[in-house]
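Have the structure open while you read.

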Amino acid sequence: MLKRVAITGIGVCSSLGFCEEEILSNLKKPGVLFSASSFDDGVAVCPVHDFNIKDFTGRFKQRRYLNRGSQLCVASAIEAIKSSGIKQDAWSEAGLFIGSGPNLDIGGEFPEVKKGEIDHDDLMALWMLKFLPNTAASAIATYAGIHGENLTINTACAASMQALGEAFRKIKHGYLNLALAGGGDSRLNPGGILAYRKAGAIFSGSKNPDNASRPFDTKRKGFVPGEGGAIFVLEEMEHARMRGASIHAEICGFGSSMDGYSMTAPEPSAQWGEKALLSALHEAGMSPEDIDVVSSHGTGTLLNDAMEVNLLHRIFKDHHPHVIALKSWIGHIAAACGAIELAVVLACIKSNYFPRIRNLDEACHDKINFAREDKKIAGRTVLLENFGFGGQNSAIIIRKVDN
Amino acid sequence: MNAEILDKIKEILAVILDVEKQGITAETYIIRSLGAESIDLLEVAVSLNSEFKVNITENDIFLIRLREQITEAEEQGRDTGKYLAKTLPFLPRSRIDEILKDLDGGPVLKVKDIVCYIDRAIK
């Protein structure tokens, strides 16, 4: 028999804050969210302030091998475990599903590279761990004593949503009762910014960083890179109810696909993105009319948003779910964007408050119900979507559950 | 004991093992008390090499072959203390005697052993 899957713990380290209350409060506060990069003032960034991994781990020598994205991931996992109230010995059988990105901080790790000679005095014996994709997962497993089925997923900006989807299915199909899933990423270092700037993906040349991210606006010119982590405790519904857990939401369906079209650009007709969305709806046993809110990928790049509006229009036709674009608030957090957007969505459905799309003056499509204002909406069912470099498509559907 | 070397070694151990430097003395057991594992010793060796510009033989500096060497001495019918003084020449004879009385307590490696190794290597 197929199982239902509940979200029973949340850990988040984001530019909007480290818990649901802080996220909501900062979504409602008028204030500056983005700033100019310290080494490239034409580039706007969205950093996490006041983050020190040691505040989360205490004494934990494995910390030395964590790049910043992994640090944000591990800290989020520790908070998720705490928030679930699940006792230490239960984690032994749990699963672990992490979306991670590459460490692009090449200059920071090898500050004096000359003629390809990368060795230097401060280089650790196991410096490679800072570059291996599963280092965050390894640290989390060591910290929490996790020994179950696991995956580290590196599918660019779809990675953490796919991690959530894979964990969801492992529980749904009875392989696990309990799992941690989500991700962490940071590319706000010179190597990361250089990579994005050369690829022409980020907004560059802004005098006002706060206006740089404008998803679905006709004047959009690229995304604002952010950083952060979010990890969730996923639990089989009866398992959660038996222990009286507080249930933040139910995961109802998931879908993923690949464009097989370009190394970077999305396939413009979005036929394969559509496949991912329809798979998620099918698995959830829902029709497009059941969706109240869409948390769009909405990067604010010309190509993504053009593809995404066509997709949304085709899927939803005359039904007009409320479309939000959280990257206008938290920047684009690459491999971790899906997890952090889910954390924000969970804060929103709990309070029935959904924020407007920032800087959306003139929409690039007139048939989509974009969130033009901050709104109180009793949205119970949310479709979240993420698309990534390499033609990675993913979608997940969550539903509010009355405890 | 060379105080400057001791101080630098304490600093290296504090960073790698994520412990307070003030809690480390020359008499602190590195494995038994600070919980160092082989991966940590690997990092310590790299840091010592970079700090003191000396080649580190991990088997020697971390007394990795100590118990094997004791068995070798016994099998060859030789005096264990004298044998260890030859295989681990950087350790004073008084320290070797101390180690031989301490074997039942677990891994014997102390901070001062590393200080002795570095001190000799520099000279």
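Chain A is divided into domain 1 (5–242) and domain 2 (253–399), with bounds that come from an automatic or database domain assignment. This is a predicted model, in which local features need pLDDT of at least 70, side-chain atom pairs count only at pLDDT 80 or more, and totals for chains, interfaces and linings use all residues. Residues are numbered from 1 along each chain as its sequence is written, while chains are lettered from A and ligands numbered from 1 in the order in which they are written.

The C-alpha centres of domain 1 and domain 2 of chain A lie 20 Å apart. Their contact takes 53 residues from domain 1 of chain A and 53 residues from domain 2 of chain A; two residues are in contact if their C-beta atoms, placed from the backbone, lie within 7 Å. On the domain 1 side, H6(A) gives the largest share, eight residues.

The table sets out the classes for two contact sides.

In the contact between chains, nine residues of chain A meet 10 residues of chain B.

Helices (H or I, at least four residues) and strands (E, at least two) are DSSP runs, numbered from the N terminus. In strand E6 (residues 178–186) of chain A, nine of the nine residues are buried, that is, 20 or more other C-beta atoms lie within 10 Å of their own, with C-beta atoms placed from the backbone. Leu178(A), Leu180(A), Gly182(A), Gly184(A) and Ser186(A) point one way from E6(A), and Ala179(A), Ala181(A), Gly183(A) and Asp185(A) the other way.

Two strands pair if DSSP finds at least two bridges between them. Strand E4 (residues 95–100) of chain A runs parallel to E6(A), joined by six bridges; Ser100(A) has Gly184(A) as its bridge partner. Strand E7 (residues 227–236) of chain A is antiparallel to E6(A), with nine bridges, and here Ala181(A) is partnered by Phe232(A).

**Helix H10**

The 15 residues of helix H10 (residues 302–316) of chain A should span 21 Å at 1.5 Å a residue, which agrees with the 22 Å between its end C-alpha atoms. That expected span is 1.5 Å times one less than the number of residues. Among the buried residues of H10(A) are Met307(A), Leu311(A) and Phe316(A). After H10(A) comes Lys317(A), with a positive phi near 45 degrees.

Note on methods
Buried ≥ 20, exposed ≤ 12 C-beta atoms within 10 Å, placed from the backbone.
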